[in-house]
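Subject: Structure for you to look at

Hello,

Here is the structure you are taking over. Please open it beside this message and follow along as you read.

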Amino acid sequence: MPIREQELLDAAVSQGLITDDQLSDVRRTAREQNITVVDAISIAQRIPVKALYHAVAEQRGIRFVDLAVEVIDDEAARTMADVALQRGVVPICGENGKLILATADVDDLALISAVERSLDILADVALASPDALSDSLQYVRSLRQMTSLAGAGDDGEGAVGLFERIINEAYLHHASDIHIEPSENSTRVRFRVDGRLISYISSLPSDTGRQLVSRIKVFSGLDIAEQRAPQDGRMQYELANGISQDMRVAVIPTRFGERITIRLLGTTDENLTLATLGMLDADLEEFRNAIQRPHGIVLLTGPTGSGKSTTLYSALKEINSGWRNIITVEDPIEQIVPSVSQVQVGASDKVTFESALRSILRHDPDVVMIGEIRDLPTADIALKAALTGHLVFSSLHTNTAVGAVTRLMDFGCEPYLVGATLVGAISQRLVRRLCTSCREEVAVDERTRGLIGDFELESHFVAKGCPSCLGTGYSGRIGLFECFWTGDETRQLISEGASEQQITQVGGKKHKTMLRDGLEKVALGITSLEDVISVTIGATV
């Protein structure tokens with residue numbers, strides 16, 4: 001029989017997914033809402049149900065497999081398709097060619113014996129979560145249909161139920177994006193979690209994938225008859241916990257069908273503050289001093305996806321007191337900030353960055369936040385607003401903090417304007433936080449020591465993997481920062497049009513590099529040396 005609920009609950013407590021006190025509260029919630037305790041834990045703790053099955057596997061000392069990641073053995077699946085579909089077991093490729101039977105009922109010895117006889121092999125057995133097993137069995141069913149017309153009916157949950165499950169699971173995984181990607185014979189569903197894509201459903205039958213795409217297009221108000229042109233839409237969906245989830249939807253035709261990317265807005269960073277971004281104490285104090293100034297411009301730099309917008313929003317929340325008039329100009333608005341007037345650029349042809357900025361300066365703002373400086377007119381208005389007594393926040397695409405100065409010069413801004421208004425610039429990147437439940441301390445090897453230069457580091461922590469982090473070894477992300485704050489000497493250099501190298505030599509003496517900031521966080525056990533070196537040097541450990 002499948003894993004009993006009580007065993008799932010005991011494993012969740014013993015593996016630290018939930019405490020005894022929390023379990024009592026969750027039981028009460030489950031009774032009130034008429035749902036299972038397992039579902040109530042998933043909703044209350046914001047963890048996927050598969051984490052509980054992983055915990056059971058750890059408790060029993062057996063193997064757990066994530067069927068979204070593992071590769072199904074197509075030949076074995078065709079041979080045992082009838083048994084697999086009747087009894088709920090999926091063959092996957094193990095190491096050295098050995099077959100692994102994934103099932104939600106690892107105690108069904110008769111089933112395992114029957115499969116081994118039918119394939120004339122000895123196989124290992126692993127525990128899988130029921131939802132992942134159901135998705136994989138749909139793929140096994142499609143393999144059987146390719147070789148036989150018998151049983152060609154759709155026994156799956158349907159596009160509506162599948163879409164609902166994908167959205168809820170993306171939220172539970174703390175995903176920022178959902179990718180639905182068609183290929184020649186199947187459709188793959190992946191989530192972007194902590195900046196990296198992970199597989200959620202590796203192989204949906206193509207027909208199911210097309211139905212799913214159509215359902216999403218209906219929900220987001222797109223034309224389902226148009227399949228040859230890109231489309232963009234937006235929708236709201238009520239999650240299992242009652243939260244209304246905003247989503248931005250992009251559809252584009254590919255060789256094998258329409259590909260969809262869904263951005264889940266505000267799911268991963270809505271509760272972040274300056275204190276939780278990851279700035280170390282000295283940098284945090286300087287940043288707080290900068291954003292409390294009455295005027296000047298503070299810039300965030302870095303590539304797309306490096307967390308610039310999140311830092312800007314956190315700064316706005318920090319200074320959002322009742323006496324300040326704060327107005328933002330954004331494309332698009334990614335977070336709603338209470339008591340802040342937010343202007344959406346591109347909502348109509350008449351609203352551009354330049355026209356919006358010129359207008360809001362007549363609305364008596366104390367603080368102006370510009371989503372991104374993209375051209376000379378925007379940069380010029382931003383600098384002149386900072387010069388005339390406004391505090392301005394914005395972002396730029398540069399690799400270094402001091403690079404913000406030269407980028408503004410490249411736009412054609414006057415050096416004296418930049419020198420007179422720039423308070424400072426912060427370059428940032430994101431790295432993954434190590435899971436504190438399973439990280440493991442190891443010594444620094446000689447090759448790594450050569451990469452980190454003169455920084456004294458005898459040991460560091462590596463990712464291990466446990467039920468709490470869904471086997472990844474990481475949970476959440478943290479920023480790496482390189483801060484550049486202007487002083488009398490650097491302002492003079494900027495006004496004279498000095499090069500980035502000259503400004504760095506003077507202004508960089510008292511500020512640490514991003515690599516050093518990362519290594520300090522490695523020493524504290526916050527992140528891994530592998531991630532820090534990857535985003536700062538580009539090497540692999």
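S129 is buried, with a relative accessible area of 7%; the cut-off for calling a residue buried is under 20%. Please keep in mind that this is a predicted model. S129 sits in the loop that links β4 (124–127) to α8. Which residues does S129 touch, leaving aside its neighbours within four places in sequence? The contacts are K50, Y53 and F64.

Next, the empty space. Rolling a probe the size of a water molecule over the atoms shows where such space is left. The structure has two cavities of 30 Å³ or more, and the largest cavity holds about 60 Å³. Its lining includes L67, A68 and I72, and also A132, D135, S136 and Y139. Y200, I201, S202 and S203 belong to the lining of the largest cavity as well. At least two of the lining residues come from α8 (130–147), and at least two come from β7.

Two or more lining residues come from each of α3 (37–45), α4 (50–60), α8 and α9. Which element gives the most to this lining? That is α9, with seven residues.

Now the open sheet. Six strands make it up, in the order β7-β6-β5-β10-β9-β8, with antiparallel pairing. β7 (196–205) and β8 (231–238) are the edge strands; each has a single partner, so one side of each has no neighbour in the sheet. On average, neighbouring strands are turned by 20° against each other, direction ignored.

Within this sheet, β5 (residues 177–182) and β6 (residues 186–193) run antiparallel and are joined by six bridges. P182 is found opposite T187 in β6. Two helices touch the sheet. Helix α10 (residues 206–219) packs on it, in contact with β5, β6, β7, β8, β9 and β10, and its direction makes about 115° with that of β7. Helix α9 (residues 159–172) lies across β5, β6, β7, β8, β9 (244–254) and β10 (257–264), and runs at about 165° to β7.

Another strand to find is β12 (residues 326–330).

β12 has parallel pairings with two strands. Four bridges connect β12 to β14 (residues 367–370) in the parallel sense, and I326 is opposite V367 in β14. Four bridges also join β12 to β13 (residues 341–344), again running parallel; there, V329 is opposite V343.

Last, the largest nonpolar core. It has 35 residues, and those touching the most other members are I297, L299, L408, V418, L422, F484 and I503. Helix α14 (residues 376–387) contributes the largest share of this core, six residues.

Regards

Methods:
Residues are numbered from 1 along each chain as its sequence is written. This is a predicted model: local features need pLDDT of at least 70, side-chain atom pairs count only at pLDDT 80 or more; totals for chains, interfaces and linings use all residues. Side-chain values use heavy atoms; hydrogens and water are left out. Two strands pair if DSSP finds at least two bridges between them. Axes are lines fitted to C-alpha atoms, for helices over the stretch in contact, and angles run from 0 to 180 degrees between N-to-C directions. Contact means heavy atoms within 4.5 Å. A nonpolar core is a set of buried Ala, Val, Leu, Ile, Met, Phe, Trp, Tyr and Cys residues joined through side-chain atoms within 4.5 Å. Buried means under 20% relative accessible area, exposed over 50%, partly exposed in between (1.4 Å probe, protein chains only). On a 1 Å grid over the protein atoms alone, a cavity is a set of points where a 1.4 Å probe fits but cannot get out, and a pocket is an open set with protein on both sides within 12 Å along at least five of seven lines; lining residues have an atom within 4 Å of a point. Grid points are joined across faces, edges and corners, and a volume is the space filled by probe spheres set on the points.
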